[in-house]
Structure formats: structure tokens, C-alpha cells
Amino acid sequence: MPDDLSPRGPDLLSVPITVNGQERHMRLAPWTTLLDALRDTLGLSGSKKGCDHGQCGACTVILDGRRVNACLVLAASKEGSEVRTVEGLAAPDGTLHPLQQAFIAHDAFQCGYCTPGQLCSGVALLEEGHAKTPDEIREWMSGNLCRCGAYPNIVAAIGEVASR
Amino acid sequence: MRPFTFSRPEAPALAIAGKDAASRFLAGGTNLVDLMKYDVERPAAVLDLGRIAGLREVTQAGGTLRIGALVTNADAAAHPLVLAHHPLLADAILAGATPQLRNMATTGGNLLQRTRCHYFYDRQTACNKREPGTGCPAIGGVNRIHAILGASESCIATHPSDMCVALAALEAVVVAQGPEGERRIPMAEFHRLPGNEPQRDTTLGERELITAVEIPAWDYGAHRTYLKLRDRLSYAFALVSVAAAVTLEGGRIAKARIALGGVAHKPWRVAEAETMLQGQAPGEDAFAAAASLILRGAQGQGHNDFKIELARRAIPRALHQAAHATPQSHVEKRIA
Ligand SMILES: Cc1cc2nc3c(=O)[nH]c(=O)nc-3n(C[C@H](O)[C@H](O)[C@H](O)COP(=O)(O)OP(=O)(O)OC[C@H]3O[C@@H](n4cnc5c(N)ncnc54)[C@H](O)[C@@H]3O)c2cc1C
Ligand code: SF4
Ligand code: FES
Ligand code: FES
């Protein structure tokens, strides 16, 4: 196993990434994750850090059209990419995304910590077309855990938007 | 994470030239970045493969299906060529991880993902795989998820992949490129048993880059299944999984391929069981006999003793599903 512990870096890399339609130029250390870049460098704290190990889905963002766990993405490997976060789901005039509306209507959260990840995952799921039945929604939302157990209402909210 | 240098080679030759024992290739990052956060992986340099062209294609030529090393698990499972020619692979991929992780994870990275043994992940404990010679606390320790077949006194870890179980059943070949040129490694020889070198998961060389996997033609259609048994209905590693495919001729089994996941340091395949099934009418007796052959020598470690019986029942069930052309759905969880 590589075990060279001699100090390296800081070695900042220039990482341009388009976030919610706006091109952002960041100077980042290579070990900065996309999640830390969004939260700490850009101040977009909507994406949450639950486990930091790809297990909970709280950090889910939509990267080049695909939902991913931002905590396991090295930002430097995504220069030139486009990221959509929970801050970018509503229309520019503030009108909420239909799924955000449905989450409110169905009371699909309690503490709200998992919600930004649920929303990004749900929006991508709707675009993928994997929300045809409640079973399908459950399976394809399995990567988003909710400690408050709001699952039935999350499934109902997604199901309602999918059926429109 | 510890500091490292970062580069993005633009061609396989550059990636291979830049690779040494202290560096790591980065594909989807879902295993490497995780292990770096646990300080289990401490690369001095990370070589991101993302800019290399030509590793993202799924193609078919002369019956052989070829999947590039950087094709994501999600793309492979949804690709029309995969669905048409090797739906068993799509089944297995969709039984694993989550949509988010499958969007990131790649063919090459999935092949090389490391064990989920709790001790391997915990730097505070000994582990022969992480630090050779320190011991194996899983033996006599917490070993519910560990191996029942092919384990050694040095290591009883399992390989956690679902995708690889299907690739083993389908007799896929891993294509690798290294300083000495290209090499093709059959799945059966790609992953290793732990023996007294558990630090080596595979037979891939330190400077070799996986470029693709190739799966030979075999038309089994709906006569297949990937049956994954785990602690939850979704999003959990396999305790026992079975990839099975058969073809029938005149009501008898013409060909059967079976591989098990969650039970050994590599996908477990016993050719003798497959040969035995050939020419037999599909039925519970033949399936039970196959299970006995596959599980010959199985040994529990205490907490995982149940896996032997679980596998003994899962194999006939999977063969039944394959013979009846009722593949396990990953959405509708009822087992046919
Ligand atoms: C929470 C969680 C749950 C999971 N559940 C499952 C599950 O149920 N079933 C399952 O099968 N898997 C599961 N996984 C594992 C997941 O499938 C793997 O992490 C993934 O397939 C690894 O692929 P990657 O591209 O992200 O690899 P990376 O993390 O980028 O790389 C893994 C290793 O492979 C090396 N590598 C990558 N590509 C190449 C190449 N082309 N040539 C040479 N070396 C290469 C890297 O250097 C590294 O050592 C889970 C993972 C997580 C985090
Ligand atoms: S089973 Fe293998 S990976 Fe787990 S502690 Fe023992 S040596 Fe390490
Ligand atoms: S914070 Fe990324 S998955 Fe939990
Ligand atoms: S609403 Fe609290 S974790 Fe989901």
C-alpha cells in the first residue's frame, strides 16, 4: 500500500464548474470534494453532508444531468462540468419546482436535513422516468435515507408529480 | 484525506507511464475516495482517468459484447446492446448500490472494488489485507458478512461486487493494458483467493490499466436470474447472491452457468456443477445436487454459518427461476 506520508501540496488547481447556470472559477486543493467546494468555497450550503461516505444521499446533486453523491466526487476531476443543486431547482423568479411544491403539499419532511438530497434525487428520477409505480419509486430512491422516516410522504409526493 | 498530487492523463499510455505503486487511478471514485477518507488508501498521486477517450463505448463485434472500462454501471445496465445480449449483467448491476452510486461507478472500478470487511476499513485494528502480517481479527471476531468458501488462515474477506458475479457466470474476459502491452484475463483468473497474500485482490499488475471487459456470445434470453439475498430489500451488499443462466433443448439443460457472490474472496464458480446439470431435466433434485457440488467444502466462521444453508437454498431457487424464465425483478421484490 502507498504509504508515503511526506507533506505535499498545497498545489491549488484551477477548477471552473458551472453551478446552477453560473460559471464559477474556484482554486481548490486536489482533495477537495465537490460537496466541500459547493458548501465551503461557494457558500451553497443547501447540499448537506450526512455521512461523507456515499451512504446517505444527503449530498445528492445533479452533475451533467446525472444524480451523484457529491461527497465522493473530487471537484478537480469535474472541471468544465455543470452542477445543479437544490438552490437551482426553483425558477429564477422564485417559483418552486413542482416537486418542491409537492413535498410541501405532502408534508414530505420533518427535520428537513435529507430534503435537498431527496429533491435533487427525485428531480433526476422524474427525468429518468423511473417513477411509474410506488415500488419503482422506492427502489430508485433507495440511495436517499431519511432519519425522520418521512418515506411514505416522499413516495407520495414523487408519485403525484410523476402522474401529472 | 491526506494530500496527494493530481493529474489527468489524456491517453492510456500516459496513464500507464505515470503509474507506480504509490499512485492510484481514479475512475468513479466511489471506492477510492471513500477509502482515502478512512485513511485506508494513502496514494501519493491520483491519476484521473476521466479524460481518456475510447474507454466509454459499448460495442458488439463477432458476437462478443465489449464494455469500456469507464462506462458507468448505470449506462451499462441501460445500454440496448447489454439488454439485448447480456441482460443478466444488467440485472446484477441494478441489484447493487444506489442510482447515484451507479451513475458514478465504472466497469473497471467495480472490478477492483475492495472488500467491505469492517476491520479492513478500521485503521485502529489489525488486518492482513490492509497491512500484511498484522493478523486477521475477523477470524474469531465479527464475521457475519465473511466467506464460507475458499478462505485462508490469513483472510476470510469476501469480494462485494454484484456485477462481477454476473461477469463470472458469463465467462467474461478482462482486457488490460500495461507497459508490456495488452493482456486478456478470464474472469476466473482475475480475482484471487486470499491464500497467504490477502493484500492482492486480483492478478492485475501494478501498472496495468483495465480498458474493457468482453463477454462472449450466449443467447439465454429470459432463462436467467440474479437472485440477491441481503439484510434489506434494497441497497445492501449481498449476504449470498446467485447469478444463473441456462439454455434448454428438448426439455433438458443444454448449458448452465452459475456463480455465487457474497461467499468468497472472488465470485464462486464450480464447473463440475455446471457439467453435472448438462443433459438433465430441470428439477429440484438436479438443482439440489448442483448446490451440493458448489458448496462442497463450505465452512462457517461462526456468525456467518447461516450463509451455508442460505446458499444451499438460494442456488436451487435461482436455477428454478432461470429454468422457468422468470428472472428476479429488482423492483418487484417477491421471489418467484
Ligand atoms: C454506500 C455504497 C454501497 C454500495 N453497494 C454496492 C452493492 O450493493 N453492490 C456492489 O456491487 N457494489 C456496491 N458498492 C460499490 C461500488 O459498486 C463500487 O464502489 C464501484 O463499482 C467502484 O467503481 P468506481 O469507478 O467508483 O471505482 P473507483 O473508486 O474510482 O476505483 C476503485 C479502484 O479501482 C481502480 N481503478 C478504477 N478504474 C480502473 C481502471 N480502468 N484500470 C485500473 N484500475 C482502475 C482504482 O485505482 C481504485 O483502486 C457500493 C458502494 C458504496 C459507497
Ligand atoms: S478478513 Fe481479510 S480484510 Fe478482514 S480483517 Fe481479516 S485479513 Fe483483513
Ligand atoms: S454525505 Fe454524501 S452520501 Fe452521505
Ligand atoms: S426529514 Fe429528517 S432526515 Fe428526512
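How many salt bridges are there between domain 1 of chain A and domain 2 of chain A? The count is two, where a salt bridge is a side-chain nitrogen of Lys or Arg within 4 Å of a carboxyl oxygen of Asp or Glu. Take Arg84(A) and Glu127(A), which form a salt bridge with their closest N and O atoms 3.5 Å apart.

Before we go on, note that this is a predicted model, where local features need pLDDT of at least 70 and side-chain atom pairs pLDDT 80 or more, while totals for chains, interfaces and linings use all residues. Residues are numbered from 1 along each chain, chains are lettered from A and ligands numbered from 1 in the order written, and side-chain values use heavy atoms, leaving out hydrogens and water.

Back to chain A: domain 1 covers 13-88 and domain 2 covers 98-162, bounds that come from an automatic or database domain assignment. Their contact (heavy atoms within 4.5 Å) takes 15 residues from domain 1 of chain A and 17 from domain 2 of chain A. Together the two domains bury about 1200 Å², meaning the accessible area (1.4 Å probe) that two parts lose on being put together, summed over both.

Now look at where the chains meet. Chain A brings 39 residues to the contact and chain B brings 45. About 3500 Å² is buried between chain A and chain B, with carbon and sulfur atoms giving 56% of it. Here the count is five salt bridges; Glu79(A) also pairs up with Arg8(B) in a salt bridge, the closest N and O atoms being 3.3 Å apart.
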